[in-house]
Amino acid sequence: MTAEEKVAKIAEVLEKRKAEDVQVRKVGDLTIVADYFVIATGTSSTQIKSLADEVDYEMDKLGQHGRMEGKSSDWILVDYGDVICHFFLPEARQHYNLERLWADAEEVDISK
């Protein structure tokens, strides 16, 4: 599965689960850590856990096994190698401001 296919599937799941302010940044030209960051906000710690769990469940069904960190915090990260998902509570997203940190990364249109 390509990184672009992973991003498309993750975006589909996040849309169904009502994630807020979903953004995808193409960071592959700026770092060796990953090709894409998917950033999403949930309204509560329960919702961000649910978002992370549902993405992980759907990706697992496709044979894509991620590593999850921060399950009991305001920022949950799921790493699929070339795609890293960040799930935030609003205050944490504003505090860490990944969009500013990775402002040089191309924003990917996922509205398709």
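The model is predicted. Its largest nonpolar core has 22 residues, and a separate core of 10 residues lies apart from it. The count of salt bridges comes to 11, and that of aromatic pairs to 4.

- Strand β1 (residues 20-26) runs antiparallel to β2 and is joined to it by 5 bridges. Within this pairing, Glu 20 has Thr 41 of β2 as its bridge partner.
- Strand β5 (residues 83-88) pairs with β2 in the parallel sense, over 6 bridges. Here Phe 37 stands opposite Ile 84 of β5.

**The nonpolar cores**

- Within the largest nonpolar core, of 22 residues, the members with the most contacts inside it are Ile 10, Leu 14, Val 38, Val 55, Val 83, Cys 85 and Phe 87.
- Two or more residues of this core come from each of the elements α1, β2, α2, β4 and β5.
- Leu 14 illustrates how such contacts reach along the chain. Leaving aside neighbours within four places in sequence, Leu 14 is in contact with Ala 19, Val 22, Val 38, Ala 40, Leu 51, Val 55 and Phe 87.

**Aromatic rings**

- Among the 4 aromatic pairs is the one formed by Trp 75 and Tyr 96, which is tilted, with 4.5 Å from centre to centre and 50° between the planes.
- This pair links distant parts of the chain: Trp 75 belongs to strand β4 (residues 75-79) and Tyr 96 to helix α3 (residues 90-96), 21 residues apart.
- Trp 75 has a relative accessible area of 24% and is therefore partly exposed. Tyr 96 is likewise partly exposed, at 34% relative accessibility.
- Ring pairs also bring in Phe 88, so that Trp 75, Phe 88 and Tyr 96 form a cluster.

**Salt bridges within helices**

- In helix α1 (residues 3-16), Glu 12 and Lys 16 lie 4 residues apart, about one turn of the helix. Their side chains form a salt bridge, with 3.5 Å between the closest N and O atoms.
- Glu 12 is partly exposed, with a relative accessible area of 35%, whereas Lys 16 is exposed, at 61%.
- Helix α2 (residues 45-61) holds Lys 49 and Asp 53, also 4 residues apart, about one turn of the helix. Their salt bridge spans 2.8 Å from N to O.
- Asp 53 is partly exposed at 26% relative accessibility, and Lys 49 is partly exposed at 34%.

**A buried salt bridge and a network**

- Arg 93 and Glu 99 meet in a salt bridge of 2.4 Å, N to O.
- Through shared partners, salt bridges join Lys 9, Glu 12, Lys 16, Glu 58 and Lys 61 into one network.

- Glu 54 is located in helix α2. What is the relative accessible area of Glu 54? The value is 19%, and because buried means under 20%, Glu 54 counts as buried.
- Apart from neighbours within four places in sequence, Glu 54 is in contact with Val 13 and Arg 17.

Note on methods. Residues numbered from 1 in each chain as written. Predicted model: local features only at pLDDT ≥ 70, side-chain atom pairs only at ≥ 80, totals over all residues. Heavy atoms only, no water. Phe/Tyr/Trp six-rings, centres within 6.5 Å; stacked < 30°, edge-to-face > 60°. Buried < 20%, exposed > 50% of the residue type's maximum accessible area, 1.4 Å probe, protein only. Salt bridge = Lys/Arg side-chain N within 4 Å of Asp/Glu carboxyl O. Pairing = 2+ DSSP bridges. Core = buried A, V, L, I, M, F, W, Y, C linked by side-chain atoms within 4.5 Å. Contact = heavy atoms within 4.5 Å.
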